[in-house]
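Grab a viewer and work through a few exercises on the model shown here. Try each task yourself before reading its solution.

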Amino acid sequence: MIFGGDVGGLDVPGGTARLGAAGGYLHDNFDVDERASSGRVDSVFAALYGSAAYGPVQLSAGAAYSRTTTRLDRRIVFPGFGEAAASEGHGTTAQAFGEAGYRFDLAAPALGGLPLGHAWLQPFAGGAVVHLHQDGFGEDGGLAALSALAASQDVATTTLGLRAEAALSGALPLTARSMLGWRHAYGDAAPTAALAFQGGSPFTVEGAAGNRDAFVAEASLDYALTGNAAIGVAYAGQFGRTAVDNTFSAFLKVQF
């Protein structure tokens, strides 16, 4: 659940601005059947954001902070041994982003005989920083129970890309949007955790590394039901040497 609101049309020297705030609650359950393990994640977050337009120059920035609780239950089973372990951990995430772009309005009165409401291209450059902190925790269990030291990670990204939007007017109120870009990551691309068995020496476990360099793409198509409501489909993808992500979604959007 995410709730927010913003105010647009604010006058600033040489342009206009928009300021807003958002907050919400996120919940996720996951199961790893092959390891008889499961967990849940609950997060509460708050965010501030804003943008400014100076003619074709578009600027935007924002920051968010979240508090997360993670609960894990797992079984450790091998010949001659079987135990169950459970833990609850807490952590925080702080992030900030900024972006600058230049919009070129396209003079295209029609597309295949259909009237265009508007069309534009926008090259942009953006950056983001994320600080993740996980508190230490200890599992409840037997000999195989683990304890973890507190740990922090910092990741920054830069993105160079091109956005495009075109909207049909008249009897077919469709809006198509797309983005293509290249993203580079700095900092702790591979997550690590310092763990120890009860009474044992600490050791380090490394998780799946993210992409240092990746091609990113987004596309969506909206159909306006009314002036304030639309339905649509969207795609987002990231392609790199280390990992590939693909996301498809359908949505109903209502503005008031």
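Predicted model: local features only at pLDDT ≥ 70, side-chain atom pairs only at ≥ 80, totals over all residues.

Residues are numbered from 1 along each chain as its sequence is written, and side-chain values use heavy atoms, with hydrogens and water left out.

**Exercise 1. Threonine 69**

Task: find the strand that holds threonine 69, then work out what surrounds this residue.

Solution, step by step:
- Start with the location: threonine 69 sits in strand E4, residues 57-78. Helices (H or I, at least four residues) and strands (E, at least two) are DSSP runs, numbered from the N terminus.
- Next, accessibility. Threonine 69 comes out as buried, at a relative accessible area of 15%. Buried means under 20%, exposed over 50%, and partly exposed in between (1.4 Å probe, protein chains only).
- Now list its contacts (heavy atoms within 4.5 Å). Leaving aside residues up to four places away in sequence, threonine 69 touches Arg40, Val41, Asp42, Glu88, Gly89 and His90.
- Finally, look at side chains: those of threonine 69 and histidine 90 make a polar contact at 3.1 Å. The term covers a pair of N or O atoms within 3.5 Å; within protein, one must be able to donate a hydrogen and the other to accept it, and residues adjacent in sequence count only if both atoms are side-chain atoms.

**Exercise 2. Salt bridges**

Task: how many salt bridges does a search of the whole structure find? Then look at the pairs made by glutamate 88, lysine 253 and aspartate 105.

Solution, step by step:
- The search turns up 11 salt bridges. The criterion is a side-chain nitrogen of Lys or Arg within 4 Å of a carboxyl oxygen of Asp or Glu.
- Take glutamate 88: its side chain meets that of arginine 71 at 3.2 Å, N to O. Glutamate 88 belongs to strand E5 (residues 81-102) and arginine 71 to strand E4, so this pair ties together parts 17 residues apart in sequence. Glutamate 88 is partly exposed at 39%, and arginine 71 is partly exposed at 31%.
- Move on to aspartate 105, whose side chain forms a salt bridge with arginine 103 (3.4 Å, N to O). Aspartate 105 is exposed at 58%, whereas arginine 103 is partly exposed at 31%.
- Then lysine 253, which bridges to aspartate 222 with the closest N and O atoms 3.3 Å apart. Lysine 253 is in strand E17 (residues 244-254) and aspartate 222 in strand E15 (residues 213-224), so the pair ties together parts that are 31 residues apart in sequence. Lysine 253 is partly exposed at 33%, but aspartate 222 is buried at 6%.

**Exercise 3. An open sheet**

Task: which strands stand at the edges of the open sheet of 4 strands?

Solution, step by step:
- Write down the order, E9-E10-E13-E14, with antiparallel pairing. Two strands pair if DSSP finds at least two bridges between them.
- E9 (137-138) and E14 (203-206) are the edge strands: each has a single partner strand, so one side of each lacks a neighbour in the sheet.
- Zoom in on E9, which 2 bridges join to the antiparallel E10 (residues 146-148). Here glycine 138 stands opposite serine 147 in E10.

**Exercise 4. Alanine 36**

Task: where is alanine 36, and is this residue buried, exposed or partly exposed?

Solution, step by step:
- Alanine 36 falls in the loop between strand E2 (15-32) and strand E3 (37-54).
- Its relative accessible area is 45%, which means partly exposed.
- Check the backbone too: alanine 36 has a positive phi of about 50 degrees, although it is not a glycine.
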